[in-house]
Amino acid sequence: MAEHDLIYDLKLSSIGPGKVAGLNTAVEPGNIDLAMKLHYIRGVYYFKREAFDGLKVQDIKDPTFVWLNKFPVHNGRFRRDDSGRPYIKCNDCGVRFVELKCRKTLEEWLEIRDLEMEKLLVSGQVLGPELQFSPLVYVQLTKFEGGGMAVGVSWAHVLGDAFAMVDFVNLWGKTVAHLDIGPPTDLAHYSPHKVNGLRPNKEKEEDPVSVIRVDPVGDHWIHSPERKMELFSFDISAGELDNLRLAVRVKGEFEAIFAVVWQCIAKIRGVEKEPKVVTVMRKGNRDGGGEMYLKNTQIVGVVKARESVIQSDRSELAALLQDAADGREEIEGAIERSKGLADFVVYGANLSFVDLGETDLYGFEYNREKPVRVSYRVDGVGENGAILVLQGCGGDGGRSVTAILPENEVAQLKIELVKEGIVTV
């Protein structure tokens, strides 16, 4: 059976806030937000049949009108001002709602564990080429044969980082549970702000090492690297993680995975092309300073190895994380110098590691049911690739790792991980 024959009965609609945002309300993305505009985060939550059993589509939609009252910006659409800089018109156009059915059962699907096929369960749409009509968020419900549901959420990274997306989705679950989520967000007193309180470094004329400037994309916000990128994921149980930390001689779970995977990829690329500079993204200040509607507050650190990564002791590679320089001000400076018009890639500009291990991925409950598995990926990744370290399923303290790499490197990474005893044949 062909992949696209697995899903059928497509239905499209929109959901939006129950309270209007107000006439002529607009929000200006900060420089760090615009730096992320070619990236998209796609999340898939797998639920057993009990979560949505007996619910009609309207039953599912009804709580979303209260939920989306908190996010007037996310319901808007992009425009450009007279200078060409993008801004978001909060016009209550809403979030796109997608319904589909799948010919496989939830159990059959989870056995396949194919991230390329998983793309069928979450929208792959990007912003543009008609920006004024492009939703910033997609919610897709895919009903499996015999019950069970996949909830796919597609999120334009310009809205915020993965931590903000998780908060967004988890608040939906709280709304369904009739918990108090506070009053609707009021944009009446909004004024443009400096995201994170950062001061753009405009003195440097060259672009920072944490980004790559790409050819102008106009109003079609998509980055397509020349090399085909492939997805691969694997789980590390709590016990395996303990053994890995002992072997690397570090206390942190992320530090252990970071050092081992970095060295494995260095071996694949060889001495001449080993990545000595990597980007590390970790949770930053969630408040950022003042009222924030766009939340790209993650730290974008740069780690540099002076010696060969292949020959380095892994504990020394892990220790380099302590010296990671936060590059956000330099990124903001690059956007500021271009007056918000230049296009950059952040994920995959260098080999990039994203630490989502402490994020409450499984905090999205529907009718008191937690998802049995959660999967996240980033689209628009550059050719140097990205590694996402996620909270593992089952709540046992393990981790799930998603690799986005050039397709010729995925099979080689599997071989290296088998040698490490992390992945079984």
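Reply: Start with burial: a residue is buried under 20% relative accessible area, exposed over 50%, and partly exposed in between (1.4 Å probe, protein chains only). This is a predicted model, in which local features need pLDDT of at least 70 and side-chain atom pairs count only at pLDDT 80 or more, while totals for chains, interfaces and linings use all residues. Residues are numbered from 1 along each chain as its sequence is written, and side-chain values use heavy atoms, with hydrogens and water left out.

Me: Why is glutamate 145 called partly exposed?

Reply: Its relative accessibility is 43%, and partly exposed covers the range between the buried and exposed cut-offs. Therefore glutamate 145 counts as partly exposed. Glutamate 145 sits in the loop between β7 (137-143) and β8 (149-156); strands here are DSSP runs of E, at least two residues, and helices are runs of H or I, at least four, numbered from the N terminus.

Me: What makes leucine 68 buried or exposed?

Reply: The relative accessible area of leucine 68 is 0%, so leucine 68 is buried. Leucine 68 is found in the loop between α3 (57-67) and β4.

Me: How do you know that aspartate 235 and arginine 113 meet in a salt bridge?

Reply: A salt bridge needs a side-chain nitrogen of Lys or Arg within 4 Å of a carboxyl oxygen of Asp or Glu. For aspartate 235 and arginine 113 the N to O distance is 3.2 Å, so the pair is a salt bridge. The two belong to distant parts of the chain, 122 residues apart: aspartate 235 in strand β10, arginine 113 in the loop between α4 (106-112) and α5 (115-118).

Me: What makes aspartate 235 and arginine 373 a salt bridge?

Reply: Their N to O distance is 2.8 Å, so this pair also meets the definition. Aspartate 235 is in strand β10 and arginine 373 in strand β16 (residues 373-379), so parts 138 residues apart in sequence are tied together. Arginine 373 has a relative accessible area of 14% and is therefore buried, whereas aspartate 235, at 30%, is partly exposed.

Me: Why are β4 and β5 said to pair?

Reply: Two strands pair if DSSP finds at least two bridges between them. β4 and strand β5 (residues 86-89) have 4 bridges, in the antiparallel sense, so they pair.

Me: What makes β2 and β4 edge strands?

Reply: The open sheet of 3 strands has the order β2-β5-β4. β2 (26-27) and β4 (77-80) each pair on one side only.
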